[in-house]
Amino acid sequence: GTVSQSYNDGNIRALSGTRVSMTVKANKMLENMTVHWSDSTSTECELEGDTGTFAFTVAGTLDYHIELADTLGIINSNPIEYRVTSLIDEEPVIAILSPVSNVTLPLSMSFPIIYRAFDDYGLSSAVLCFKLPFEEQSRKAVLKKGELGKAVEDGYVWDMSDLGLLPEDSIRFYLAVYDND
């Protein structure tokens, strides 16, 4: 997404990999604008009159300041130090609340699964993954899809009547959740 700030705070908190574009407006016409990073690198800015622009990709936490020089060669003497803080997108987490142990399938050939899932930036889907004893490949069934929010607690009634199971067959299953990135 895009976030726009128009106040005098150059501190940035963003996920690693976020592309940031900044526009800086001075109170005088500028001859030069350079961003100096705490890793000893610098970025020359594009200038147009009293406005400079630059862009970068958040790759880690760094401090920076902007050195300005006006058309008379006067440089800002004590530039403000700002920080770019790189945030980490944590893996989503899911827990099966029920069943909590092995289940003997009832005559209805269905049983409820209750789960809770969380992600720091939001979930996009929950999936049931299972493998039938007579098949090589695992199967998947989408339980929920779309913008699910940061936390979800839900249930799913798994109807297994069309899976061709026989008495004594055993199925292992798990749930997986995916985040928005």
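## Getting started

Two residues are in contact when their heavy atoms lie within 4.5 Å. With that in hand, T23 touches T51, G52 and T53, leaving out residues up to four places away in sequence.

A quick word on what you're looking at: this is a predicted model, where local features need pLDDT of at least 70 and side-chain atom pairs count only at pLDDT 80 or more, while totals for chains, interfaces and linings use all residues. Residues are numbered from 1 along each chain as its sequence is written, and side-chain values use heavy atoms, with hydrogens and water left out.

T23 lies in strand β2. Strands (E, at least two residues) and helices (H or I, at least four) are DSSP runs, numbered from the N terminus. Is T23 buried or exposed? T23 is exposed, with a relative accessible area of 59%. Here exposed means over 50% relative accessible area, buried means under 20%, and partly exposed is in between (1.4 Å probe, protein chains only). The C-alpha atoms of T23 and G10 are 10 Å apart, and the two residues are separated by 13 residues along the chain.

Strand β2 belongs to an open sheet of three strands, in the order β2-β6-β5, with antiparallel pairing. Two strands pair if DSSP finds at least two bridges between them. The edge strands are β2 (19–25) and β5 (46–48), and each of them pairs on one side only. From one strand to the next, the twist averages 20°. That angle is taken between axes, which are lines fitted to C-alpha atoms (for helices, over the stretch in contact), and angles run from 0 to 180 degrees between N-to-C directions. Strand β5 is joined by three bridges to strand β6 (residues 51–57), and the two run antiparallel. Look for E48, which stands opposite T51 in β6.

## The five-strand sheet

Now for another open sheet: five strands in the order β1-β8-β7-β3-β4, with mixed pairing. Its edge strands are β1 (12–15) and β4 (42–44), each pairing on one side only. Neighbouring strands here are turned by 25° against each other on average, direction ignored. Strand β3 (residues 30–37) pairs with β4 in the antiparallel sense, over three bridges, and V35 stands opposite T43 in β4.

A69 sits in strand β7 (residues 62–70). A69 is buried, at 12% relative accessible area. Which residues does A69 touch, not counting those up to four places away in sequence? They are L30, E31, N32, I74 and I75. A69 and T34 are 35 residues apart in sequence, and their C-alpha atoms are 8.9 Å apart in space.

## Aromatic rings

The structure holds eight aromatic pairs. Rings of Phe, Tyr and Trp (its six-membered ring) pair if their centres lie within 6.5 Å; planes under 30 degrees apart count as stacked, over 60 as edge-to-face and the rest as tilted. F54 and F56 form a stacked pair, 6.1 Å centre to centre with 15° between the planes. Both are buried: F54 has 6% relative accessibility, and F56 has a relative accessible area of 9%.

For W158 and F173, the ring centres are 5.4 Å apart and the planes are at 75°, so this pair is edge-to-face. W158 is in strand β11 (residues 139–159) and F173 in strand β12 (residues 172–179), so the pair ties together parts that are 15 residues apart in sequence. W158 is buried at 4%, whereas F173 is partly exposed at 24%. Ring pairs also link W37, F54, F56, Y64 and Y82 into a cluster.

## Nonpolar cores

In soluble globular proteins, nonpolar side chains tend to be buried together. A nonpolar core is a set of buried Ala, Val, Leu, Ile, Met, Phe, Trp, Tyr and Cys residues joined through side-chain atoms within 4.5 Å. The largest one has 19 residues, and those with the most contacts inside it are L128, F130, W158, M160, L163 and I171. The elements giving two or more residues to this core are β10 (110–131), β11 and β12, and β10 gives the most, with eight.

Leaving aside neighbours within four places in sequence, L163 is in contact with F130, L132, F134, R139, W158 and I171.
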